[in-house]
Amino acid sequence: MGPFDDRSFLRALNGFERALAKVLAIALVVVLIVATLQLLLLLGNDLFDLQVNWTGEGLIRLLDEILVILIAVEVLQNLTAYLREHAVQIELVLVTALTAVARKVIVMSPGVQKSPAELIGLGVAVLAMAAAYWLVRQTHSSSRRLNPGLSRTTPATGAQIGRAS
C-alpha cells in the first residue's frame with residue numbers, strides 16, 4: 001500500500017479538491033465584499049449626481065453590476081454545495097448559467113445594434129438552459145415520487161427537502 005495505490009491516491013485527490021474549493025470560496029467571499037462595497041460607493045456617488053440618467057444607461061449599468069455580484073454569489077453557492085454534498089449540483093450550475101445569459105440580455109444597451117447571429121445565439125442559449133433545467137427538475141421530482149424517503153437540498157439555500165432516510 002504505497003502512496004500511489006488507488007485508494008491513497010484518490011483520497012489525496014479528494015483532499016486536494018476540497019482544499020482548493022475552500023481556498024476559492026474564501027477568495028470569492030473577499031471579492032464579493034470588495035465588489036459590494038464598490039457598488040455601494042458607486043451608487044452613493046451616482047445618486048447625488050443629477051447628470052446620471054436613471055431611466056437609461058445609469059440603470060442598465062447598475063443592473064449589470066448587481067447581476068455580476070449575484071452571479072458571483074451563485075458561484076459561491078456552487079462551491080458551498082460541493083463542499084457540503086461532495087458533488088456538483090447540476091441545478092445550481094444551470095441557475096448560475098441562466099443568470100449569466102439573462103444578464104447579457106438584460107443589460108443590452110438600447111439602440112445598440114446587435115448582430116442577428118448574436119441575438120439568435122443568446123436566444124438558443126436561454127432556451128437550451130431553460131430546457132435542461134426543466135428536465136433536471138422533472139427528473140428530480142419523478143425520482144422523489146418513486147422514492148419518497150429521498151432527501152435533497154434546495155438550490156438557493158442548501159436546506160433539506162423531503163425526509164431523510
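Modeller: Helix axes are lines fitted to C-alpha atoms, for helices over the stretch in contact, and the angles between them run from 0 to 180 degrees between N-to-C directions. The helices themselves (H or I, at least four residues) are DSSP runs, numbered from the N terminus. What you see is a predicted model, in which local features need pLDDT of at least 70 and side-chain atom pairs count only at pLDDT 80 or more, while totals for chains, interfaces and linings use all residues. Residues are numbered from 1 along each chain as its sequence is written, and side-chain values use heavy atoms, with hydrogens and water left out.

With that in place, α1 and α2 pack with their axes 9 Å apart, at an angle of about 160°. That makes α1 roughly antiparallel to α2, a term for angles over 145 degrees. The crossing of these two helices, α1 and α2, is left-handed, meaning that the near helix is turned anticlockwise from the far one by less than a right angle. In the contact of α1 with α2, the residues divide into 20 nonpolar, 1 polar and 6 charged; here Ala, Val, Leu, Ile, Met, Phe, Trp, Tyr, Cys and Pro count as nonpolar, Asp, Glu, Lys and Arg as charged, and the others, Gly among them, as polar.

Now to the space that is left. The structure holds 1 cavity of 30 Å³ or more, a cavity being a set of points, on a 1 Å grid over the protein atoms alone, where a 1.4 Å probe fits but cannot get out. The volume of the largest cavity is about 40 Å³, counted as the space filled by probe spheres set on the points, which are joined across faces, edges and corners. α1 (6-47) and α2 (57-85) are the elements that give two or more residues to the lining of the largest cavity, where lining residues have an atom within 4 Å of a point. The lining of the largest cavity consists of L39, L42, L43, D46, W54, G58, R61 and L62, and its largest share, 4 residues, comes from α1. By type, the residues of this lining divide into 5 nonpolar, 1 polar and 2 charged.

Beyond α2, H86 lies in the loop between α2 and α3 (90-106). The phi of H86 is near 60°, a positive value in a residue other than glycine.

Key. On a 1 Å grid over the protein atoms alone, a cavity is a set of points where a 1.4 Å probe fits but cannot get out, and a pocket is an open set with protein on both sides within 12 Å along at least five of seven lines; lining residues have an atom within 4 Å of a point. Angles under 35 degrees count as roughly parallel, over 145 as roughly antiparallel, 65 to 115 as roughly perpendicular and the rest as oblique.
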